[in-house]
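Welcome! Please have a look at the structure first.

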Amino acid sequence: MQYVYIVVIGLHVMAGVFWAGTTITLARDPDIRAERFIQPQMGAAGMVFLTGALLWYFFHGAYFGSMEMVLALGILAALAAAGVLGAMVRAPSRRLAGANAETETQLRARMATGERIAAWLLVVTVLCMAVARMV
């Protein structure tokens, strides 16, 4: 059973690093075309949520102490980040095709703002995971 834990933790960490890393990178450099990354970002987010649910089941179960409260805050921030990316990046990226220059500029500004908001939410998520064992 220990191998299952290792694989699930590895998938969780790798997907989370990709998701947070691309989001933070896109938030810092809006000239990178976010529409090229939104599908892999959302796929990584799905993997993070799936493996995170498994990890919660394996290691926390029904117990809800101070560590779980901090982790729950991180989960809420991650869910909010996924929602922001979906609403402010995925939706505008679909409207880019055939948009005139002015509309494209507005859509790209909205996408950059969405990446920045999601990046800060993912920073909160990572901090919550990092300090959860200490509380």
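The structure holds one cavity of 30 Å³ or more. This is a predicted model, in which local features need pLDDT of at least 70 and side-chain atom pairs count only at pLDDT 80 or more, while totals for chains, interfaces and linings use all residues. Residues are numbered from 1 along each chain as its sequence is written, and side-chain values use heavy atoms, with hydrogens and water left out.

**How spaces are found**

- Rolling a probe the size of a water molecule over the atoms shows where empty space is left.
- On a 1 Å grid over the protein atoms alone, a cavity is a set of points where a 1.4 Å probe fits but cannot get out, and a pocket is an open set with protein on both sides within 12 Å along at least five of seven lines; lining residues have an atom within 4 Å of a point.
- A volume is the space filled by probe spheres set on the points, which are joined across faces, edges and corners.

**The largest cavity**

- Its volume is about 70 Å³.
- Leu26, Pro30, Ile32, Ala34, Glu35, Arg108, Met111, Ala112 and Glu115 line the largest cavity.
- Helix H4 (residues 101–131) gives the largest share of this lining, four residues; helices are DSSP runs (H or I, at least four residues), numbered from the N terminus.
- The lining has six nonpolar residues, three charged ones and no polar ones (Ala, Val, Leu, Ile, Met, Phe, Trp, Tyr, Cys and Pro count as nonpolar, Asp, Glu, Lys and Arg as charged, and the others, Gly among them, as polar).

**The largest pocket**

- About 760 Å³ of space lies in the largest pocket.
- Of the 26 residues that line the largest pocket, His12, Gly52, Leu55, Leu71 and Met129 lie nearest its centre.
- Helices H1 (2–28), H2 (38–59), H3 and H4 each supply at least two residues of that lining.
- By class, the pocket lining divides into 19 nonpolar, six polar and one charged.

**Helices H3 and H4**

- Helix H3 (residues 66–94) packs with H4 at an angle of about 165 degrees, their axes 8 Å apart (axes are lines fitted to C-alpha atoms over the stretch in contact, and angles run from 0 to 180 degrees between N-to-C directions).
- H3 and H4 are therefore roughly antiparallel to each other (angles over 145 degrees count as such).
- Their contact has 23 nonpolar, five polar and two charged residues.

How values were computed
Parallel < 35°, antiparallel > 145°, perpendicular 65-115°, else oblique.
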